[in-house]
Amino acid sequence: MATPILLTLNPGSSTIKLGLYALDEGGPRRLGRGIIDLQHDPLSLRIDVDGQRAEITLTARPSPDLHEVMEETLEWLAHHLPGHPITAFGHRVVHGGARFAGPERITDETLEAIAALTPLAPLHQPQSLRLIRAIRHFWPEHPQTASFDTAFHRSQDERVRRFALPRALFDEGIQHYGFHGLSYRFIAGELARTAPELARGRVVVAHLGSGASLCGLESGASRDTTMGFSTLDGIPMSTRCGALDPGVLLHLLQQRGLDAQAVSDMLYHRSGLLGISGISADARMLAESGAPEARQALEIFAFRIAQSVAALATTLGGLDGVVFTAGIGEHQPAVRAAVCAHLAWLGAALDPEANAANATRIEAASSRIAVRVIPTDEEQVIAEEAATLLRGILPNAV
Ligand SMILES: Nc1ncnc2c1ncn2[C@@H]1O[C@H](COP(=O)(O)OP(=O)(O)O)[C@@H](O)[C@H]1O
Ligand SMILES: CC(=O)OP(=O)(O)O
Ligand SMILES: [Mg+2]
């Protein structure tokens, strides 16, 4: 019987990241990866399968339902990968709310429950729904699974999950959830595999991508995280504001007369690194810019990350290590150096050469805490969770 082939889909606000996996007996084996850039018209699909790279300009327009984009992408894959017919799909879904404690196979009921959570993640949830629906439209018999960012944080206790708001709101779902859970699950697994002693300790992981958050891990379990009810909370991001005095919202709405949509647009799309710098949302461009506003944006970014490390260390009752991951965390030594300079009082000291080389182990011999760089892989977690859910199901579906 042919090996089942899984396509993973990780939608962000500006890209859809794809992963192609053979679901071997021993676990998922990656055949390739791809990225669809939704910000540029015409759309492009960059793909790397079996070591062969291609960049394809899609004829599909970026329509809201993504039907044409998915149809063209899958047709391209079917045509160019005749040995790897896709038999199943695994999705990253950002919000699982109180309903999803772990990954699930997508049915009419789960799809409805995912859709009901859209108001809690307006930037991400609609993308997942569009992809799931587009695939159902063209391949109704192909099984699909959902892996939730929020599920990893279910181990957090009520001190963390409860806001200081009237009690009834908590029961209505107004809670601190936390996101980037697939990334944190991957990092916890990598730590357990490569640094078991540290993995058993108290570690803060800084996931610094376009969206960014930090998570406090104790023995690999999430105890606290900087993103809360929504993907706006915590540290400033590329275009999102991070934690903000709620009085600012009231002021914008009541005194400045902005409507809710205008405030939402400002907080999600025009704040963060872009808002502070007025130059770019892209941390690499800011690092190369030399303008004082760009420098200030990165200084505030690093400062707020360090403040969050200290806050999470309080939840953990101490700190044995910090791990940097995602685009900025993996590739920007200057950001890591600025964060660690603020954490010198906690005993953090970097080896400048190891840091400049983006090495795995970047702490100096004198450092009282470990400082590591570990590349994340959300697609691998989606593939592993899908493989577990679909075991025994796929051979019949092929
Ligand atoms: N090689 C690199 N060098 C410097 N910065 C990088 C590099 N790759 C990515 N980044 C930065 O990482 C951020 C995007 O991170 P990424 O994890 O790809 O985000 P997301 O998955 O949320 O879209 C951008 O600010 C970008 O400038
Ligand atoms: C949760 C979130 O912000 O995700 P991303 O970083 O992919 O935008
Ligand atoms: Mg991301």
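Visitor: Why does Asn 10 count as buried?

Guide: Asn 10 has 25 C-beta neighbours inside 10 Å. The cut-off for buried is 20 or more, so Asn 10 counts as buried. Please keep in mind, as we walk through, that this is a predicted model.

Visitor: Where is Asn 10 found, and which residues is it in contact with?

Guide: Asn 10 is found in strand E1, residues 5-11. Leaving aside neighbours within four places in sequence, Asn 10 is in contact with Lys 17, Arg 92, Glu 378, Glu 379 and Ile 382. Two residues are called in contact because their C-beta atoms lie within 7 Å.

Visitor: What does UniProt say about Asn 10 and Glu 378?

Guide: An unreviewed UniProt entry places the feature "binding site" at Asn 10 and Glu 378. They are spread over 369 residues of sequence, yet they cluster in space, with a largest C-alpha distance of 7.9 Å.

Visitor: What makes Glu 378 a buried residue?

Guide: There are 24 other C-beta atoms within 10 Å of Glu 378. Since 20 or more is enough, Glu 378 is buried. The place of Glu 378 is in helix H16, residues 378-390. Apart from neighbours within four places in sequence, Glu 378 is in contact with Asn 10, Arg 92, Leu 182, Ser 183 and Phe 186.

Visitor: How do you know whether Arg 92 is buried or exposed?

Guide: We set the count against the cut-off again. Arg 92 has 28 other C-beta atoms within 10 Å, and 20 or more means buried, so Arg 92 is buried. Arg 92 sits in strand E6, residues 88-93, and the unreviewed UniProt entry gives the feature "binding site" there too. Not counting residues up to four places away in sequence, Arg 92 touches Leu 9, Asn 10, Pro 11, Ser 147, Asp 149, Leu 182, Glu 378 and Ile 382.

Visitor: Which domains is the protein chain divided into?

Guide: The chain is divided into domain 1 (5-153 + 378-397) and domain 2 (196-373). Their centres, taken over C-alpha atoms, are separated by 28 Å. The contact takes 8 residues from domain 1 and 6 residues from domain 2. On the side of domain 1 that touches domain 2, there are 5 nonpolar, 3 polar and no charged residues.

Visitor: How do you know where ligand 2 lies in relation to domain 1 and domain 2?

Guide: Both domain 1 and domain 2 give residues to the shell around ligand 2, so ligand 2 lies between them. Of the 10 residues around ligand 2, Gly 12, Phe 179, Gly 209, Gly 211 and Thr 231 come nearest. The shell divides into 2 nonpolar, 7 polar and 1 charged.

Visitor: What surrounds ligand 1?

Guide: There are 14 residues around ligand 1, and the closest are Gly 209, Ser 210, Arg 284, Gly 327 and His 331. By class, the shell around ligand 1 has 3 nonpolar, 9 polar and 2 charged residues. Helix H11 (283-289) and helix H13 (326-331) each supply at least two residues of this shell, with H13 giving the most, 4 residues.

Visitor: Why does Ser 219 count as exposed?

Guide: Ser 219 has 12 C-beta neighbours inside 10 Å. Exposed means 12 or fewer, so Ser 219 counts as exposed. Ser 219 is in the loop between strand E10 (212-218) and strand E11 (221-225). Although not a glycine, Ser 219 has a positive phi of about 50°.

Visitor: Which residues of the largest nonpolar core touch the most other members?

Guide: This core has 96 residues, and Val 204, Val 205, Ala 206, Leu 214, Ile 305 and Val 309 touch the most other members. Helix H12, residues 292-316, gives the most to this core, with 10 residues. The core draws at least three residues from each of domain 1 and domain 2. Not counting residues up to four places away in sequence, Val 204 touches Leu 214, Gly 216, Val 309, Leu 312, Ala 313, Leu 319 and Val 322.

Definitions and conventions: Residues numbered from 1 in each chain as written. Chains lettered and ligands numbered in written order. Predicted model: local features only at pLDDT ≥ 70, side-chain atom pairs only at ≥ 80, totals over all residues. Near = placed C-beta within 6 Å. Nonpolar A, V, L, I, M, F, W, Y, C, P; charged D, E, K, R; others polar. Domains from an automatic or database assignment. Core = buried A, V, L, I, M, F, W, Y, C linked by C-beta atoms within 7 Å. UniProt positions renumbered as here; feature names shortened; annotations may be inferred.
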